[in-house]
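Please open the structure in your viewer and keep the selection panel at hand. The tour below moves from one selection to another and says what can be found at each stop.

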Protein chains: 2
Amino acid sequence: MKLSQRALEIQASPIRKLMPHAVAAKKRGIKIYHLNIGQPDIPTPQPMLDAYHSFSDKVLAYGPSQGLDIYRQGLVEYYAKCGIQLAENEIIVTTAGSEAITFAMMVVCGVGDEILVPEPFYTNYNGFATMAGITLKPVTTFAETGFQLPSDAEIEARVTPRTKAIMVCNPGNPTGTVYSREDIFRIAAIAKKHGLYVISDEVYREFLYEGLSHTSIMHVPDFEENAILVDSVSKRYSACGARIGCIASKNKPLMEAALKFAQARLCPPTVDQLAANACVPLADEFFVPLIAEYQARRDLVYDALMQIPGVVCVKPQGAFYILVKLPVADCEDFVTWLLNEFSIDGETVMGAPAEGFYATPGLGRNEMRLAYVLNKDDLAKAMHIFAKGFEAYKKLSS
Amino acid sequence: MKLSQRALEIQASPIRKLMPHAVAAKKRGIKIYHLNIGQPDIPTPQPMLDAYHSFSDKVLAYGPSQGLDIYRQGLVEYYAKCGIQLAENEIIVTTAGSEAITFAMMVVCGVGDEILVPEPFYTNYNGFATMAGITLKPVTTFAETGFQLPSDAEIEARVTPRTKAIMVCNPGNPTGTVYSREDIFRIAAIAKKHGLYVISDEVYREFLYEGLSHTSIMHVPDFEENAILVDSVSKRYSACGARIGCIASKNKPLMEAALKFAQARLCPPTVDQLAANACVPLADEFFVPLIAEYQARRDLVYDALMQIPGVVCVKPQGAFYILVKLPVADCEDFVTWLLNEFSIDGETVMGAPAEGFYATPGLGRNEMRLAYVLNKDDLAKAMHIFAKGFEAYKKLSS
């Protein structure tokens, strides 16, 4: 029995594909510090957990396809606090950011159409594009320049008649790169010039360091028809298991079409929406210490990396990832080796090899993404193991 | 700004598209008996609600892409009780039946491939097919013969080189039709002969009346490579808002590919899986009275319909729908009229016009789906209004 072309083509998750080695290591009694996956250790806010505990409906019923009214009202309030003016009918609640991305891609692209995306990019964009028969056209960025955007000319050179959108992730996964106000306005101008949408993945909106402020695609004036926001509560509230996100746009026909996609799958999960809604009132008292904690973690990981000779990495200013270029031939081999062959006092560390974050074949092979989602003590141990492991690995291969 | 072809093509939900008329009626103070949507009124089992209340993790984390181990073990146990032998790694938990259908379609069909499906069929198959660039090829069935399958020859006449699967829903939404063991084995034989998969939507498995027993596609011997089961807890446990389903197959490469699709969207909702798992022990003491209640409701609705002259309907034996052919030109017009123009003592009734359940243009226009998901008192009132409304509508149009 044959499988479909897309089933053969779809990429295995580079974040999860080395998990069998991790499982085997654990079976041998090895403790692994997981820097490979963006699963925060921060406790989920109590009001969110309380919402699960106090769910009192007798029937766990379908909600509206566009999301529960009460939560869409909550999102209007949340976005207003971010300087983003949205009306309820400009928001559709989705099953996590994943579904928001799928809807955005499918609404703007037919089969064979193209989306420009700065690479390295969030690897699962590949999966969604494969499912939808869309081609992602990478605009390569580099560790040496902190994965900042190239010139207009370099971006525009990738536009073809089949290009329908530019997709950005700001702050960036896997890079931690933050686009400035100028960058976002520049992308919008390019999109406008070529009649493209911008799909802006802003799930790390709050994760900006050193007092930087976030520029949303929704902040660009006179860009209502082009701007599509995709979002998720997963990282913001340490609630990855809730699977609640949204898609938002002021483009009415686009949202009407997105609603039809949403109707096909009936609705996002009901109780999880109520739980997400309980987080809407969270403000500075929640985010300020959270961001301070992540900034300290970033500094710790970055400083540790800087001790390793030959490492290339510009200090990232957002999200909770560092994409680092290492003086090795193949980071997948290095990560696998760390899991299979190396440990200190029964402990080792796992990162995500970066090749899967690139669309251009061969790129990223000597890069690795580290997620600083552990407490500082654990991170310090993890980075010690990483540095020692690197030293040993280099000796082996030299 | 242009939208994609699939955004222009995707069908609006025929179940939900008349909702604005319902909203307007409610604003005028009219009470509506909703027979248009399969939202059961049966209380969600207490163990399921308790699972939400007792969630005690500190961090609401990502689960595995294939679903929580504990819940997959629960599903193995549940299916064993249904006479379906599945191992844990033959099951992937999905975000409702919707996602299971999407994964199944995408794994077996490339863009432009075809799936045979008896029509009328669950309307949202259309949406998933449009998203994936798949063509649904209808095999028409008829109210006069209780929407039973046509001959092998008629089914096989629709097979082309692009046909990859036959999709069935058993018991059927929107028809309530139950396929016998002979039917299921016959479909399997046709599939085997032409090298096709069978995607079997069995979300109404327990909803069989008069002591009928259910034949699953997984019961067919020597069909492991071809059989794909899609399922959901929504109807079974009156838990439509939980959004938990699964896809299951003994075809290893197929499940490996499905897992890659699953990895792209990371995981299904965590707490909802725990809630679904709490339902696994539910057995006869839960289902026997439930099924008796639905059978009584079916009888009530069917008997009321039989009082209406010119109605065509064979008593359905499963699910909780009746698809009825009415002596009117256009059921959408009739439903709209019931909402906008008709009421008895401030109450009216809403059904789902059936045209959207057909892929063949023009079919189903004089048919309507009624979901018997209300208690018997409400159903009796609803059917009284339906009959009186029908009488008045016929007078108007004659």
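Two residues are said to be in contact here if their C-beta atoms, placed from the backbone, lie within 7 Å. Keep in mind throughout that this is a predicted model.

**Second stop: a buried threonine in a loop**

Now move to A:Thr177, which you will find in the loop between β5 (163-169) and α8 (181-194) of chain A. Is A:Thr177 buried or exposed? A:Thr177 is buried, because 26 other C-beta atoms lie within 10 Å, and a count of 20 or more is what the term requires. If residues up to four places away in sequence are not counted, A:Thr177 touches A:Gly146, A:Phe147, A:Gln148, A:Pro171, A:Gly172 and A:Pro316. For a sense of scale, select A:His34 as well: A:Thr177 and A:His34 are separated by 143 residues in sequence, and by 21 Å in space from C-alpha to C-alpha.

Colour chain A in two parts, with domain 1 covering 5-43 + 284-397 and domain 2 covering 48-277. The C-alpha centres of these two domains of chain A are 25 Å apart, and where the domains meet, 39 residues of domain 1 of chain A are in contact with 34 residues of domain 2 of chain A. On the domain 1 side of this meeting place in chain A, at least two residues each come from α1 (5-9), α11 (284-306), β9 (321-325) and β12 (367-371), and the largest share, 5 residues, is that of α11(A). By type, the residues on this side of domain 1 of chain A are 23 nonpolar, 10 polar and 6 charged.

**Last stop: where the two chains meet**

Finally, show both chains together: chain B is superposed on chain A (RMSD 0.0 Å) by a rotation of 180° with 0.0 Å of shift along its axis, which is the relation of a two-fold axis. To locate the rotation axis, select B:His53, whose C-alpha, at 1.9 Å, comes closest to it among the residues of chain B. The same surface serves both copies, since 100% of the contact residues of chain B recur in chain A.

The contact takes 65 residues from chain B and 65 residues from chain A. Several helices of chain B each supply at least two residues of the side that touches chain A, including α3 (46-53), α5 (96-108) and α9 (252-264), and α9(B) gives the most, with 7 residues. This side of chain B divides into 34 nonpolar, 21 polar and 10 charged residues.

Methods. Residues numbered from 1 in each chain as written. Chains lettered and ligands numbered in written order. Predicted model: local features only at pLDDT ≥ 70, side-chain atom pairs only at ≥ 80, totals over all residues. Domains from an automatic or database assignment. Helix = DSSP H or I, 4+ residues; strand = E, 2+ residues; numbered from the N terminus. Nonpolar A, V, L, I, M, F, W, Y, C, P; charged D, E, K, R; others polar. Least-squares fit on C-alpha atoms with pLDDT ≥ 70 in both. Buried ≥ 20, exposed ≤ 12 C-beta atoms within 10 Å, placed from the backbone.
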